[in-house]
Amino acid sequence: MTSATDTHGGHDDHAHGPAKGLMRWVLTTNHKDIGSMYLWFSFIMFLTGGAMAMIIRAELFQPGLHIVEPAFFNQMTTMHGLIMVFGAVMPAFVGLANWMIPMQIGAPDMAMPRMNNWSFWILPFAAVMLISTLFMEGGGPNFGWTFYAPLSTDYSPPSTTFFIFAIHMLGISSIMGAINIIATILNLRAPGMTMMKMPLFVWTWLITAYLLIAVMPVLAGAVTMMLLDIHFGTSFFNAGGGGDPVLFQHIFWFFGHPEVYIMILPSFGIVSAIIPAFARKGLFGYTSMVYATASIAFLSFIVWAHHMFTVGIPLIGELFFMYATMLIAVPTGVKVFNWVTTMFRGSMTFETPMLFSIAFVVLFTIGGFSGLMLSIAPADFQYHDTYFVVAHFHYVLVPGAIFAIFAACYYWLPKWTGHMYDETLAKTHFWLSFIGMNLTFFPMHFVGLAGMPRRIPDYALQFANFNEISSVGGFLFGTTQFLFLFIIIKCIRGGEKAPAKPWEGAEGLEWSVPSPAPYHTFTTPPDVK
Amino acid sequence: MRQQARSLFLLLAGSTASGSSLAEWEVNMTEGVTAVSRNIYGLHMTILMICVVIGVIVFGVMFYSIFKHRKSKGAVPQQFHESTLVEIAWTSIPFLILVLMAIPATKTLVDIYNTDEADIDIKITGYQWKWQYEYVGEDVSFFSNLSTPREEVTNVRTKNPNYLLEVDEPLVIPVGKKVRFLVTAADVIHSWWVPALAVKRDAIPGFINEAWTNIDVPGTYRGQCAELCGKDHGYMPIVVEAKSEADYEAWLVAKKEEAEKERELTDKVWSMEELMARGEQTYNKVCAVCHQVNGTGMPPLFPALKGSAMATEASQIAAHVDIVVNGKKGTAMQSFANQLSEVDIAAVVTYERNAWGNNTGEMVTPKEVMEYKKTGKYVEETAKQAMPAKQQASL
C-alpha cells in the first residue's frame, strides 16, 4: 500500500530520511517537517499573544490605571489581535493542512514543496519585525487590529511602516500557502479520490484557500494605500485631501469578513472528522456540509458592511447588509444540525478530541447566536464596539478556532508522534480551558450590554465586578496552556505506542499508514474505492 | 479584598440583589428613555429569546444523545447518513424565522434613519479627546471635557460613583423635542454613543452624519466614545442633561450671557501673574493630556515643551502662538482657535514660556492673540512692554 520505508536506512536508495541537524529545518521541503514548524511557530505566537492578553486582563482587573499606561494598553490590544490572527490561528491551520492534506488525499507531499518551505520561513521574520515595533521610539501599532485610518495613517507612530511591511510579508506567505494547498488538492489526489469523497477537512481547506487568494491582496492594497498616505503625500484616506476615511473601512472589511471565515472553515472540517470518529457513526449530511461551507464562503463576500452599521451608510445599504448577514445563520445552522444529528443515536466515547469538539459545537453556536443578534442593524447601534462584540468574536474564535486546533492536535498526535498522549492530563487541559474560557468571555456579554465600550484601559465602576471575574478566568485559561505544552512534549518523548489507527471509529487514508507516519508516505498512490 | 470576596460570593450565590451595588451586576441592555431605544430593546429581547429557544432545542437533543447514546451504556450506532427532507426542513424553517425577524428590524431602522423635521439642530464634533457641541443658529458652542480628577484615575483618591462618566459641561437638550445631531470629527474617527438614547453615530473627519433623539424623561444620561481614537479613547465621556423646555430656554440664555462675559475679558489688561495662574489651569485641563503636567510630553508623538526651541526662543513666539491657534496638520496637535478663548490661548502660551524652567519672562496678551487670529500676524502690544522684567523677578 505504501512504501513504508525505514527512515534511517543508510543504504543508497531514493527513499531517504530527514537530513541531520539544524539545516534539516532550514532546507526541508517535507510537508511533515514544514507542518511541524508551522505548528510550533503558531504555538509560540499563541503564547506571545496570550501574554499580551494577560497584560490586558491584569490592567482591567480593577478600574483605574494600575500597571500600564493607556498608550501601551492600546499597543497590547492591537498586537494581541494581530498576533493571534496572523501568527497563531492562520499558521496553525496551515500547519495542520501541511501535515494532513497530503495524507488524507493519498499524495506523497505538497504540490510545490520548495515554495512550501519559503512560505513558512517568511513567517518568523515577519513576526519578529511586527513584535520589534514595540521597542521602537513611539511604540508599536496602537490603532487596533482593524487599524482604521486616519488613526493608523496621519496619527500613527513611526513604527507603522514596519507594521505595513510585516503585513505584506504575512500576506505573501498566506497566498503562497493557499496556492500550494489548492494545487495539491486539485492535482495530487489518489486515483479514485473524487471531489465528493474528500474528507471535509480537505474540502473546507480548499474553500478557505480560495478565500485567502481572494482577500489577502485586498489587505495588501489597503496597507499599501496607508503607506502612500503616510510617506508619499497621497490622500486615499484623508478627507482633507479629497480622500475618504470610510473607504478604508470598506476595503478592510472586504478583506476582514472573509478573513474571519478563513479562521473558522478549517475548524468545521476538523470537527466533521472527529465527531463521527467518536460517535462511531458516519457524518450526517456530507453533501449538505460541502454546500453549506461553499454558501458561507460566498456570503462572506457580501456582508462586510455589517461591521460598519454605525458609520452612516445609506438606509438601503444598511438593509442589504442586515439581510445578507442574517442569511449566514442558515448554512451555519445546517452545519450545527448535522453535527448534532451525527451524534444522535451514535455510540459515543469522550476522549479529549471529542470533548474539545463537543465544546466547539456548543460554544461556537453561542457565538453564532450573538452573531445573529449583532446582525440586527438597529440593535447593533447598541452592541457595536462594546464588550458584547468582544464576547461574540472570542466565542467564535477561542472555541471555534483554538479549541478545534487543540482537538486536531490530540486527534492526530498519535499519528504524528507514534505515541498516545496522556489522556488524564489532556482531559484536565480540556476542563481547565473550558472553564477558564467561559469565565473570561461570558461576563463580557453582560458588561457589553450594560454599556462598556471595547478597547478602553479603564472603566466606570458599574463594570468592575464582571471585569474582575473575566480577569480571573483569563489567568486560568492562560496558565492552562502551559499544561498543553507539557502534554505535547511528553507525548513526543514517549508514551504508550500508538497503533496505525488509535481511534476505533476514525476513517480516512491517514490511518492506513503506520504511527508515527513515515517521513515519506504514499510515494505510490493508494487505491481509493 | 473583602469587597472582592463578597462580590465573588454574590456571583456564586447567583444573587443580583446586593442593595446599593445593584447596578454593578447589570447584565442587560438599558431600555432607555426614547421610543427608538425601547423599540431596539424589544428587538434585542425578541432575537435573544429566539436564540434561547433554538439553543434549548439543539443543545437538548445534543445532551440527550451525550447521555443516552454512549458506548459505555451499550449504545449501538445506527447507520443513517442522509435525509434530503430533513436538510430542506432545517434550511427553510430558520429562513422563515429570519424573515419574520427582519420585518420589525426594518421598521425600526427606517425610523432611526428618519432625521427630517427636527426642532433643534446640534453639531457634535469629536476631538482627541473631548466633544464640542454647537447649537446651530443659537450662537452657543462649548467643549465638554472629562472632569474626573486625575487622582481618581491613578487610585490616589477614592473613585466617585460617576467615575469616568462625568464632564465639565454636559450637553443640555429639552425633553419632548426632536433633536437632530450632526456628527463629525476634527482629527480621527470617534463615535458618539449614549445608551439610554440608543444613539451611536461615528464621528468621521470630512463627513457629517445625522442622528436624532426625542427624550421622554428629564434626567442625566451618560455615555462614552465608542470608536478607538487614540491614547485617551477611554477618557472622553458624554453626558446629556434632558431638561424641561422652560429650563432649557433659561439655560440657553445663561449660556449666552456667560459667553459675552468671556469676550469682555479679552479687553482687560492682564498681569503676568493673572495670565500664569489662568494658564496653569487651562494647560492642565486641555494640554496636559498629551504634553503632560510637567511639560515633558511623550515623544515622538507628543513633543516636550519643557526646554523646547518653540517655547524658549524669543524668535519663535509667533510660531508658538500659531501652533496653538491653528494646530499642526496631520498630527494630534489640533487647532484651538475655536476651542479656547483669546484669554485662554494667551494664558497657555505665556504659561508654557515660563513654566518648568522655561523662564523666558515673555508674555503674550489676549489682544495680541485676537490680533493674530484676525490678521495672521503677531504684533507685540506696546502697552505691556513696561511690565515684565520686574514681574519676572517675583515669579
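**Words and their grounds**

Author: In this predicted model, strand β6 (residues 190-194) of chain B runs antiparallel to β7(B), and five bridges join the two.

Reader: What makes β6 and β7 of chain B a pair?

Author: Pairing takes at least two bridges between two strands. β6(B) and β7(B) have five bridges, so they count as paired. Within this pair, B:S191 stands opposite B:D202 of β7(B).

Reader: Which sheet do these strands belong to, and in what order do its strands come?

Author: The sheet is open and has five strands of chain B, in the order β4-β10-β9-β6-β7, with mixed pairing.

Reader: Why are β4 and β7 of chain B called edge strands?

Author: Each of them pairs on one side only. The twist averages 25° from one strand to the next. Helix α5 (residues 245-264) of chain B packs on the sheet, where α5(B) touches β4(B) and β10(B). The direction of α5(B) makes about 135° with that of β4(B).

Reader: Why are α6(A) and α9(A) called roughly parallel?

Author: The axes of α6 (residues 200-231) and α9 (residues 286-299) of chain A cross at roughly 15°. Angles under 35 degrees count as roughly parallel, and therefore the word applies to α6(A) and α9(A). Their axes come within 10 Å, and the crossing is right-handed.

Reader: Which residues make the contact between α6(A) and α9(A), and how many are nonpolar, polar or charged?

Author: From α6(A) come A:L200, A:W203, A:T204, A:I207 and A:L211; from α9(A) come A:M289, A:V290, A:T293, A:A294 and A:A297. Eight are nonpolar, two polar and none charged.

Reader: What links chain B to chain A?

Author: Contacts between 85 residues of chain B and 81 residues of chain A. Among the elements of chain B that each supply at least two residues to this side are α1, α2 and α3. α3(B) gives the most, with 14 residues. By class, this side of chain B has 48 nonpolar, 23 polar and 14 charged residues.

Reader: How confident is the predictor in the complex and in chain B?

Author: The complex has an ipTM of 0.92 and a pTM of 0.90. Chain B has a mean pLDDT of 87, and 90% of its residues reach 70 or more. Over residues 6-22 of chain B, however, the pLDDT is below 50, and it stays under 50 over residues 388-395 of chain B.

Reader: What follows where pLDDT is low?

Author: The predicted coordinates should not be read in detail there.

Definitions and conventions: Residues numbered from 1 in each chain as written. Chains lettered and ligands numbered in written order. Predicted model: local features only at pLDDT ≥ 70, side-chain atom pairs only at ≥ 80, totals over all residues. Contact = placed C-beta atoms within 7 Å. Helix = DSSP H or I, 4+ residues; strand = E, 2+ residues; numbered from the N terminus. Nonpolar A, V, L, I, M, F, W, Y, C, P; charged D, E, K, R; others polar. pLDDT = per-residue confidence, 0-100. Axes fitted to C-alpha atoms, helices over the stretch in contact; angles between N-to-C directions. Parallel < 35°, antiparallel > 145°, perpendicular 65-115°, else oblique. Left-handed = near helix turned anticlockwise from the far one by under 90°.
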